[in-house]
Amino acid sequence: MTDAVKLAMFGGSRVVGKQDVTKELVGWPVVTDREHEALRGVLDRGLFTSNDAGRGEVSALQEEWARYVGTAHCAAVANGTAALELALAALDIEPGSEVLVPALTFIGSAVPVLQRRLVPVFVDIDPVTYTMDPIAAEKAVTGRTRAIIAVHLHGLPCDMAALRALAERHGLHLVEDAAQSQGAVHRGRRTGSIGDINAVSLNVVKNLPTCGEGGLVTTDDEKLHERVVLHRQFGEDLRPGKDRDYISRLPAGNEKLSAVQAAFTRCQLTRLDADSAARDRVVRRFLGRLGRLPGVTVPTCPEDRTHAWHILRLRFDPVAAGYPELPPGAFRATVQRALRAEGVPVQPYQVVPLPGQPAFRDLGVPITAYEVSLAVIDDSVTLQRWHLNPRCEPVLDLVVRAFEKVWDRLDQLAPAAAAMDHRPPWHRVMSGAVR
Ligand SMILES: Cc1ncc(COP(=O)(O)O)c(C=O)c1O
């Protein structure tokens, strides 16, 4: 057997070489002359702070994002976690109240709940969309529930119609965590404009990035917006036209965005729609090809929304692949090893449902209640970053070839998967090995 046909895991040559993966094709974010000029402009003008009396980059970004998503107000903040925390602060929910959060999401979706002295109640996900299951959410509502955090995980908008109906039935606030879904649309409305108040992250890896950290909070409600602004800087009244009085009207920290960050994101925003459209075309073609392999379940997008394709999650099913005797987790782990050896950086994204995170252990919620999240974590991997650059298609073509090579040789992997002493991804955390 030649090196080209032997699996790289067994000493063959890899399909995706380091020389194939160039910054031009997969670098993210894409930095053009426009970004360089904008950042130089900030340095030249010397207007660095966010309190720019409507004349600087931060004010301009706030206006442009509000116009883009179609909300009356936008406040730029330090990062996406701060954006959610400020959104919850603005809602002024009584401490000890419960907030529904999906069990499978990034930790930053749930930590703000604790920061506001509220109680996260975790809800299992839908096995197809990987977002909060509205039926499970309804079952989790109690007399103490006050809000739902709808996380558009991986870039796919949640079933916002069902979550809005649920919120209305029980008198709950609906908060969007649109950190991963910039540009995505649900029933004609952009994510980040659908909840009562909405949070976005501008972290450098996001579809709409800054050159570092940033976040945005949007709402149509003037009072909520004013409270976000109050909480954003020490509880001070900093409305335009007033002199700073240095009086903290409530206990709050400093969670502002800088002009450099805003200037970078403004450049990226001018390309967001074009980049999203290019990504949509490339990713759909890529997933169409991967989805033809037996046992590979690729993400899909319901007809009433668009997908921002921020993270691509792929589930592997040994039964459909022709190996019914293999446990799904062992099959996934072996395929993951083989793909990584071929140069494809598949990786886990979230290794434990959030109630299993040490940060939430005090809540005493067993992770066994989150069957769908556990199954998805165990039998799936994710692809991140490479597909964000609109020029990535030649690299994704190689990724398809690597998958095809591995799938043609699953018989060589099966014995390794069968012999494996498989521990699910959450084992390390749940066994107490992580302190
Ligand atoms: C779903 C989700 N929520 C919240 C956050 C927090 O955003 P940030 O990292 O900007 O604080 C992120 C960012 O990674 C995220 O992906």
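The legends below describe close-up views of a predicted model. Residues are numbered from 1 along each chain as its sequence is written, and side-chain values use heavy atoms, with hydrogens and water left out. Local features need pLDDT of at least 70, side-chain atom pairs count only at pLDDT 80 or more, and totals for chains, interfaces and linings use all residues.

**View 1. Surroundings of Asn 79.** Asn 79 sits in the loop between β1 (73-77) and α4 (80-91), where helices (H or I, at least four residues) and strands (E, at least two) are DSSP runs numbered from the N terminus. Beyond its neighbours within four places in sequence, Asn 79 is in contact (heavy atoms within 4.5 Å) with Glu 213, Gly 214 and Gly 215. A polar atom of the Asn 79 side chain lies 3.1 Å from the backbone nitrogen of Thr 81.

**View 2. The salt bridge between Arg 164 and Asp 196.** A salt bridge is a side-chain nitrogen of Lys or Arg within 4 Å of a carboxyl oxygen of Asp or Glu, and in this pair the N to O distance is 3.1 Å. Arg 164 belongs to helix α7 (residues 160-170), whereas Asp 196 is in the loop between β7 (189-190) and β8 (197-201), 32 residues apart.

**View 3. The salt bridge between Glu 236 and Arg 244.** The side chains meet at 2.7 Å, N to O. Glu 236 is buried, at 4% relative accessible area, while Arg 244 is partly exposed, at 38%; buried means under 20%, exposed over 50%, and partly exposed in between (1.4 Å probe, protein chains only).

Definitions and conventions
Polar contact = N/O pair within 3.5 Å; in protein donor to acceptor, adjacent residues only side chain to side chain.
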